[in-house]
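Please read the following note with the model open beside it. The points can be checked one at a time.

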Amino acid sequence: MDFNIVECVLLAILTFFFAIDQFSLTEIVYRPIIACPIIGLVLGDMETGLVVGGTYELMMIGNMPVGGAQPPNAVLGGIVAMIFAVKANMDTNAALGACMIFATFGQYVVTLTFTIMSGLMAKADKAAEEANPKGITNVLNISMLILGSLFAVITVLAYVGGTAMSETLQSLSDNASWLMGGLSAAGAMMRFVGFGILLKIMFANDMWGYLLAGFALALVFGNIAATASAALILVAFIGIMLALMDFKTSSLTKNAGNGGMSDGI
Amino acid sequence: MASNELLNYKDTTPAARLDNKTLNKMVWRSCQLQAAFNYERMQAAGWLWSILPGLQKIHTNKEDLAASMTHNMDFLNTHPFAVTFVMGMILSMEQQKLDIPTIRSVRISTAAPLGGIGDALFWMTLIPITAGMTANMAIDGSILGPILYFIIAFGAEMALRYGLMYWSYNMGTKAVGMMTSYAKEFTHAASVLGVFIIGALIANYGGGTKLGISIPNGQTAAEDGTMVDVFINIQEYLDKIVPCLIPLLFTLMCYFLIKKKGFTPVKLIGLFLVIGIVGAIFGIWAGEYTPLVPVPWNVIK
């Protein structure tokens, strides 16, 4: 593969943008069907970009980013597939096959970034307490910078290292798999901190039953195939009924306490 | 300022209705909902950034703005395209200066269920159909494929953001007026709903945390007489007691450590990093990895 510094820099910039776009901005442009032709333009072969992008997009139909799940990363997958297809002259299917280790690796990078960025929340809390909007903007910018840069670095490595990088990455991911396993386990646990904070705010001692009932109902709905994808909204329906009952009971009690009189001020 | 002290705004005079320019600005800002996504609060920082123009207009004194910004940093996860529905609702409540616990409860109770609806409409319906239509055009070499894809998907996304913002803001402004006469009772009822939803979130989002220990336990004869390996899967036994037991216990642990021991979120994140990585060294947590220390069991997903 021939090395071209302009191509390499343009690719890094594009990757930086797509990496951010996959979670914010338009959330559409990063999809392979759009991203791959754009990368093709940079690499000088838009035709290949359309074919690889269209094929990749169809592959992803059954693999959508739903319910907070992280599927193999389409941004890195698409970019690396394009590098392989255009620079290493692989055919579409071979390139898409060879890029999968990068897509998996991209998933690790996302997990890692989301785990580290939990630490930024303390900074955001501080900015909020000081009523400082700029501080919140900074937190967002730092987060996007971290995510975009990590992705850009991997793309440059793939561009420079070419297909040989696949093997390096494979062995790296085999050797450090315990660390990645640990990080994703820890990442999955971080949300309990968020739940704990919410509970601290809302929880009163007369609410144990509600907490456990919501937990139980979500398990029931979640394990029935027909209701699994709608579990939370179904739980919310029942929750609304409970809240209305609670409201009714406590407002009746209030009226009774006032001797049936309206609360005269 | 400790977050549990936030009960009321100092200035409880309802603010003027937000003008369309501010609402539109927030619709565009809502695109950055996940710009600072992380596992602890998920979309919290992006959420706060999106509604900041509105909050700054509503809360003219600095103390109230600080209180509002602080409670808007709560854990939040909803569908990124449907978030403006929650925004409109919360902004109408902020504008009426309702008490803070009510706003917090309504926010989590509205946001959480929306995630599922948004996914079903967008990622499972609109995108597969659009992709099916346009991908073959692209494969045949037509640039119209990606362009159409962008117009349909981005158009639907922005239409949804705009429509939901105005609809829920107007609806909220009308509904919120009725809540104020029974404010205290309403807060309690909203908290009931909030706690109920948090219980559901633990089961719905927590399922990823499970044990991966599968102990080989000799062999047994199958029906056709061949010998098959038998494994004891510890998680299966736990599931027979209570499914999602570990997520429930971890959440309660966080609650008690924050409430009784005064743990900060950062400290808890550090704690979970240690629990996660040490657990993976010994092959305790489920996942596709090889433990660093050789252990006499298999790690399963």
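1. What pLDDT does chain A average, and what share of its residues score at least 70? This is a predicted model, so confidence comes before anything else. Chain A has an average pLDDT of 85, and 91% of the residues score at least 70. Among the elements of chain A, helix α9 (residues 164-175) has the lowest mean pLDDT, 74, while helix α11 (residues 208-222) has the highest, 94. One stretch of chain A, residues 259-265, has a pLDDT below 50. Beyond near neighbours in sequence, that stretch has two contacts in the model.

2. For chain B the mean pLDDT is 88, and 96% of its residues reach 70 or more. For the complex, the predictor gives an ipTM of 0.80 and a pTM of 0.82.

3. How is each chain divided into domains? In chain A, the assignment gives domain 1 as 5-189 and domain 2 as 204-257. The C-alpha centres of these two domains of chain A lie 39 Å apart. In chain B, domain 1 covers 3-203 and domain 2 covers 213-299. Taken over C-alpha atoms, the centres of domain 1 and domain 2 of chain B are separated by 35 Å.

4. The next point is the interface. In the model, 114 residues of chain B are in contact with 99 residues of chain A. On the side of chain B that touches chain A, the elements that give two or more residues are α2 (44-58), α3 (62-71), α5 (100-139), α6 (144-179), α7 (183-206), α9 (245-259) and α10 (265-281) of chain B. Which of these gives the most? It is α5(B), with 22 residues. By residue type, the side of chain B that touches chain A divides into 76 nonpolar, 29 polar and nine charged residues.

5. Helix α7 of chain A (residues 120-129) is worth a separate look. Its buried residues are Leu120(A), Met121(A), Ala124(A), Asp125(A), Ala127(A) and Ala128(A). Why do they count as being on the same side of α7(A)? They cover an arc of only 165° around the axis, and therefore lie on the same side of the helix. The buried residues of α7(A) pack against α8 (133-161) of chain A, and also against α2, α3 and α10 of chain B. After α7(A) comes Ala131(A), whose phi is positive, near 50°.

6. Chain B has an open sheet of three strands in the order β2-β1-β3, with antiparallel pairing.

7. The pairing can be followed residue by residue. Six bridges join β1(B) to strand β2 (residues 227-233) of chain B, and the two run antiparallel. In this pairing Thr220(B) stands opposite Val228(B), and the bridge partner of Ala221(B) is Met227(B). β1(B) and β2(B) form a hairpin with five residues between them. In the turn, Gly225(B) has a positive phi of about 90°. On the other pairing, two bridges join strand β1 (residues 213-221) of chain B to strand β3 (residues 298-299) of chain B, again antiparallel. There, Ser214(B) has Asn298(B) as its bridge partner.

8. Is Trp47(B) buried or exposed? Trp47(B), which lies in helix α2 of chain B, counts as buried because 30 other C-beta atoms lie within 10 Å, and the cut-off for buried is 20 or more. Leaving aside neighbours within four places in sequence, Trp47(B) is in contact with Leu33(B), Asn72(B) and Leu76(B). Thr78(B) is 31 residues from Trp47(B) along the chain, and their C-alpha atoms are separated by 10.0 Å.

9. Val6(A) has 8 C-beta neighbours inside 10 Å and so counts as exposed, the cut-off for exposed being 12 or fewer. The C-alpha atoms of Val6(A) and Phe102(A), which are 96 residues apart along the chain, are separated by 23 Å.

Terms used
Residues are numbered from 1 along each chain as its sequence is written. Chains are lettered from A and ligands numbered from 1 in the order in which they are written. This is a predicted model: local features need pLDDT of at least 70, side-chain atom pairs count only at pLDDT 80 or more; totals for chains, interfaces and linings use all residues. Domain bounds come from an automatic or database domain assignment. Two residues are in contact if their C-beta atoms, placed from the backbone, lie within 7 Å. Helices (H or I, at least four residues) and strands (E, at least two) are DSSP runs, numbered from the N terminus. Ala, Val, Leu, Ile, Met, Phe, Trp, Tyr, Cys and Pro count as nonpolar, Asp, Glu, Lys and Arg as charged, and the others, Gly among them, as polar. The arc is that of the directions from the helix axis to the C-beta atoms. pLDDT is the predictor's confidence in each residue, from 0 to 100. Two strands pair if DSSP finds at least two bridges between them.
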